Amino acid sequence: MDAVLSGLSQGFGIALQPFNLFLVLAGCFFGTLVGALPGIGPINGVAILLPIAYGLGFPPESALILLAGIYYGAEYGGRISSILLNVPGDASAVMTTLDGNPMARNGEAGKALSLSAVASFIGGTLAVILMSLFGPLLASYAVTFSPSDYVALMVFAFASLASLVGKNPIKTLLGALIGLMLATIGIDANTGVIRFTFGVPDLLAGIDFLVIVIGLFGMAELITLVEKQAAGTLVALKVDKSFVTLRDITKCGWTIFRSSFIGFFIGILPGTGASVASAVAYGTEKRISDKDGTFGKGDPRGLAAPESANNAAAGGAMVPMLTLGIPGSGTTAILLGALLLFNVTPGPLMFEQRPEIAWGLIASMYIGNAALLIINLPLVGLFARMLTIPQQYLTPMIAVLAFIGVFSVVSNPHDLYMIVLLGVLGWFLRKLEFSLAPVILGFVLGGLFEDNLRRALSISAGDWSILISSTDSIVFYTLAVLAVVVPLVLGRRKKA
Amino acid sequence: MADRILAGIVLLIAIGYSFIAFTIIKAPFQYDPLGPESWPRILGVLCALCALQILWRPDVNTLGINKSTWLRLAALVVMLLGYAWGFQPAGFVISTFVFCVALSFMLGAKPLPAIAFGAVTGVAGYLVATGLLELNLPAGLLEFLE
């Protein structure tokens, strides 16, 4: 407990520095702005803004504070297009449309927006509190992990990813494999052997992470926007004067509380992010509270549940990233990649070796959540205006931002072609119902996965049984099997 | 069908990748039991197996895109490639102007607003990015103004 308090006070010391405070606010503001854009979810928002944030040349903790602000800001802003437009920005916002949009149709748009802001705030804040309590514990436990335990942990991460994300587990696995394979390109750090570069000198250091992220997410999103252009114009509902009352909040109190816990713990599971969390929270709440069949017709609890869950999951997903170096979602995989760009390797030692980053980030999330609530309640009208930006201007802007980002960081015109081609690839994969989060997760974890496997086998002089030699690793493999089997069994029972 | 085509391409890539992993990649002497070649071998084989499974049981048949959408997407990709091609030689302001006018026009903007939009994005984008954010952007043909 003392460690937590002293860590927090150190963290607040960093997060409250005027410059960092400004970055938290800026990140939250721009995040909400980008999140409110119709069809652009947090992962694409972070992807598009990442190179620019990196190019600004801030110290790592400041850049991470900014990026994390954008991340949960976008998670916050996503609800605006879900509620007013019935267009979810990403999978995690789908559940928000179910009751949020009907509320707005019933003339309670203002109430829906303010209630969801409060629910998001509570979910996000509870998650940060749990994170400050459990994060350091988990980190101090994970310090004892051997390379073979890490291998088991990563098998678990990919197993839960494959079974929970997307419709077809084989496609998710294939996506992760593509990411892992992309990560093998370049010089092998252990032996200096060159792999898969085909004599291209630019590839010696591997494919640039920023190029992959911007291409697969930002550019693919742009192509999707143009593809859907003809699908009719969207009409946004107006923000009215209705507002959330204390009674509404107390009525949803238990819902928010339950959903926040569900969200946080699902968020922690490696590989599963806000989309699974909000779906589970909505389903649970429907089972517990939907006595009069009001869910789906504008029940405030049906809105509060997914909103508090997905913000709690956004916080939960940070826990494995900071403590184990294993991201809990696609977006945190991008944040992890961003840390690696700064030569900071997240993992159990980060709380001891780089406390300014770990605790600075956590403290900034307390501030960010409060700031989001404060800027979102009065400014919701302004953010809602983002919905009325005509697509024909919005779409080119995304390309311009992506180009600025890639060029200013990499300064290599070839990479501009590369992001266009990756964008086309990413779009194809999306059309074929591959989700892209596994690809980026595979790419980010590839090096770590291989290193630990090789280190483990070096320790055992080539004996593969070392992989199942510790209790921790056996626990992880068991969890991995459960992650694959349980949804299968549940799915079969539902069908029967 | 669409699924099968992609799976076929992935399968070919996986075979090529595995071929390289099994034949070409070799460390001059053994540093660790696995060496640089084992991990790519595992990945390549798994990837080929996944691709085979999708070839066997595809689940997406068509992309559900009509001809005019294909044309629009093709035009978009051409514009993006053109933007990438002109970005450095022509400079940010000019290439962005041309790209924004062309794309917003294609997406249904009227000519005058499209031109105004392109001009504002190019000039304001350049000033904000280079001046305020201190990012590096090519000045290109407009270098003489600096």
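Predicted model: local features only at pLDDT ≥ 70, side-chain atom pairs only at ≥ 80, totals over all residues.
In all, 61 residues of chain A are in contact with 65 residues of chain B. Together the chains bury about 5500 Å², and 81% of this area falls on carbon and sulfur atoms. Three residues stand out on the chain A side: A:Met181, A:Phe196 and A:Tyr393 supply 11% of the area that chain A buries against chain B, more than any other three residues.

Polar and charged groups also take part. Nine residue pairs, both members at pLDDT 80 or more, are in polar contact across the interface of chain A and chain B. Three salt bridges are found across this interface as well. A salt bridge joins A:Lys171 to B:Asp59, where the closest N and O atoms are 2.7 Å apart. On the side of chain A that touches chain B, the elements giving two or more residues are helices H3 (42-55), H7 (169-183), H8 (209-228), H16 (391-410), H17 (413-431) and H18 (437-459) of chain A. Of these, H16(A) gives the most, with twelve residues. By residue class, the side of chain A that touches chain B divides into 39 nonpolar, 14 polar and eight charged residues.

In chain B, B:Tyr83 and B:Phe99 form another stacked pair, 4.4 Å centre to centre with 5° between the planes. B:Tyr83 belongs to helix H3 (residues 67-90) of chain B and B:Phe99 to helix H4 (residues 92-106) of chain B, 16 residues apart. Both B:Tyr83 and B:Phe99 are buried. They also belong to an aromatic cluster drawn from both chains, which is made up of A:Phe403, A:Phe407, B:Tyr83, B:Phe87, B:Phe92, B:Phe99 and B:Tyr126.

Some individual residues of chain A also deserve a look. A:Gly27 sits in helix H2 (residues 18-36) of chain A and is buried, with a relative accessible area of 0%. Leaving aside residues up to four places away in sequence, A:Gly27 touches A:Leu66, A:Gly69 and A:Ile70. Its C-alpha atom is separated by 9.8 Å from that of A:Ala63, 36 residues apart along the chain.

Backbone angles bring two loop residues into view. Most residues other than glycine have a negative phi. A:Asn343, although not a glycine, has a positive phi of about 60°. A:Asn343 is found in the loop between helix H13 (330-341) and helix H14 (350-353) of chain A, and is exposed, with a relative accessible area of 69%. A:Glu433, likewise not a glycine, has a positive phi of about 65°. The loop between H17 and H18 of chain A holds A:Glu433, which counts as partly exposed at 36% relative accessibility.

Methods:
Residues numbered from 1 in each chain as written. Chains lettered and ligands numbered in written order. Heavy atoms only, no water. Contact = heavy atoms within 4.5 Å. Buried area = accessible area lost by both parts, 1.4 Å probe. Salt bridge = Lys/Arg side-chain N within 4 Å of Asp/Glu carboxyl O. Polar contact = N/O pair within 3.5 Å; in protein donor to acceptor, adjacent residues only side chain to side chain. Helix = DSSP H or I, 4+ residues; strand = E, 2+ residues; numbered from the N terminus. Nonpolar A, V, L, I, M, F, W, Y, C, P; charged D, E, K, R; others polar. Phe/Tyr/Trp six-rings, centres within 6.5 Å; stacked < 30°, edge-to-face > 60°. Buried < 20%, exposed > 50% of the residue type's maximum accessible area, 1.4 Å probe, protein only.
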